[in-house]
Amino acid sequence: MTELEIMQHAKDYLDKLAKGIDPLTGREVPENDIINNVRISRCLSYVSDVLRQVIENGGVRPVQPVRAGGKAAFALSLEDRSRYSFGEWPLSASQIAQRLNDLVDLEAIQRLKTTSITKFLLQSGLLFEEVGSSGNRNKRPTEAGWKLGISTAQRMGQNGEYTTVVYDRQAQQFILDNLDAIIALNAEPLHENQGKPWSPEEDDYLRRAVSSGVEVRDMSAELKRTRAAIRARLEKLGLTNTESAHGTS
């Protein structure tokens with residue numbers, strides 16, 4: 001049996017285990033068996049997909065794509081994911097993204113954007129966008145989101161108290177379990193709105209973002225514009241005398 005055939009055989013076993021099937025007998029395992037644990041199942045699926053990539057690439061795992069500036073796309077191994085530090089209190093999406101980014105070398109790897117997390121949760125039906133009286137859009141947990149451990153909390157910003165979405169340990173674990181899907185969203189074009197005219201809705205977002213203490217890099221990811229463009233717009237709107245306007249670049 002060749003090396004690739006052994007890999008394919010191992011992948012077939014992993015696929016069956018991930019589906020709750022005993023690969024030796026072909027029978028479903030008992031409901032309370034450890035492999036039916038959703039976290040174990042997702043890990044098995046992840047390893048199976050890594051093997052698929054290796055098999056399709058002739059026995060070598062494909063190199064992570066490299067973006068402009070020489071940085072590879074964001075990636076996090078299972079070992080690194082196990083080092084994620086859960087917050088003692090519920091964390092915001094930006095805090096979760098920061099803790100994940102702290103696990104990689106950002107000199108060589110692209111940063112995981114907060115908006116990649118929230119976009120995935122929107123697509124999963126765990127968040128929705130609530131339109132305020134002034135037309136601004138705020139993300140809020142759906143009923144399914146509340147059940148998962150997503151809630152809202154009051155925080156203090158430069159312009160006073162504001163409401164933000166936070167995630168308890170269970171919700172943070174869900175994000176970790178679905179990190180590969182989030183990473184795929186993170187690989188989408190960064191600055192597709194570069195050069196386009198600014199809209200009133202974008203200006204409104206910037207005002208709210210500054211008030212909430214959002215950093216420039218996250219404004220850039222949300223609006224899909226360069227950080228230089230964000231800073232220039234903040235200056236034009238008279239919003240440069242804020243901590244967020246001089247956030248990490």
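Helices here are DSSP runs of H or I with at least four residues, strands are runs of E with at least two, and both are numbered from the N terminus. On that count, the protein has eleven helices and five strands.

A word on the source. This is a predicted model, where local features need pLDDT of at least 70 and side-chain atom pairs count only at pLDDT 80 or more, while totals for chains, interfaces and linings use all residues. Residues are numbered from 1 along each chain as its sequence is written, and side-chain values use heavy atoms, with hydrogens and water left out.

Now the overall picture. Of the 249 residues in the protein, 39% are buried. Buried means under 20% relative accessible area, exposed means over 50%, and partly exposed is in between, with a 1.4 Å probe and protein chains only. Next, contacts, meaning heavy atoms within 4.5 Å. Take the contacts with a separation of 6 or more: 55% of them are between residues 24 or more positions apart.

Let's start with helix α1. It covers residues 3–18, which is 16 residues. The expected span is 1.5 Å times one less than the number of residues. That gives 22 Å, and the end C-alpha atoms are 22 Å apart, so the two agree. Which residues of α1 are buried? They are Met7, Lys11, Leu14 and Ala18. These residues cover an arc of only 65° around the axis, so they sit on the same side of α1. The arc is taken from the directions from the helix axis to the C-beta atoms. Here is the background: an α-helix has 3.6 residues a turn, so residues three or four places apart point the same way. Just after α1 comes Gly20, with a positive phi of about 80°.

Next, the rings. How many aromatic pairs does a search of the whole structure find? It finds two. Rings of Phe, Tyr and Trp (its six-membered ring) pair if their centres lie within 6.5 Å; planes under 30 degrees apart are stacked, over 60 edge-to-face, and the rest tilted. Take Tyr84 and Phe86. Their ring centres are 5.1 Å apart and their planes are at 90°, so this pair is edge-to-face. Both Tyr84 and Phe86 are buried.

Phe86 also has a charge over its face. Arg169 lies there, at 4.0 Å from the ring centre. The test is NZ of Lys or CZ of Arg within 6 Å of the ring centre and within 35 degrees of the ring normal. Trp198 has a charge over its face too: Arg225, at 4.1 Å from the ring centre.

On to salt bridges. The cut-off is a side-chain nitrogen of Lys or Arg within 4 Å of a carboxyl oxygen of Asp or Glu. A search of the whole structure finds ten. One of them joins Arg83 and Asp80, with the closest N and O atoms 3.0 Å apart. Arg83 is partly exposed, at 46% relative accessibility.

Asp204 and Arg208 form another, with the closest N and O atoms 3.2 Å apart. They are four residues apart in helix α9, residues 200–212, so about one helical turn separates them. Arg208 is partly exposed at 22%.

Then there is Glu222 with Lys139, at 3.9 Å, N to O. This pair links distant parts of the chain: Glu222 is in helix α10 (residues 216–223), Lys139 is in strand β3 (residues 137–141), and they are 83 residues apart. Glu222 is partly exposed, with a relative accessible area of 28%. Glu129 joins in as well: Glu129, Lys139 and Glu222 are linked in a network of salt bridges.

Stay at that end of α10. Lys224 is in the loop between α10 and α11 (227–236). Its phi is near 55°, a positive value in a residue other than glycine. Lys224 is partly exposed, at 21% relative accessibility.

Two last residues. Asp180 is in helix α8, residues 179–186, and is partly exposed at 34%. Which residues does Asp180 contact, leaving aside neighbours within four places in sequence? Tyr46 and Arg81. Asp180 and Tyr46 are 134 residues apart along the chain, yet their C-alpha atoms are separated by 8.3 Å.

Thr114 is in helix α5, residues 114–123. Buried or exposed? Thr114 is buried, with a relative accessible area of 12%. Setting aside neighbours within four places, Thr114 contacts Ala93, Ser94, Ala97 and Asp218.
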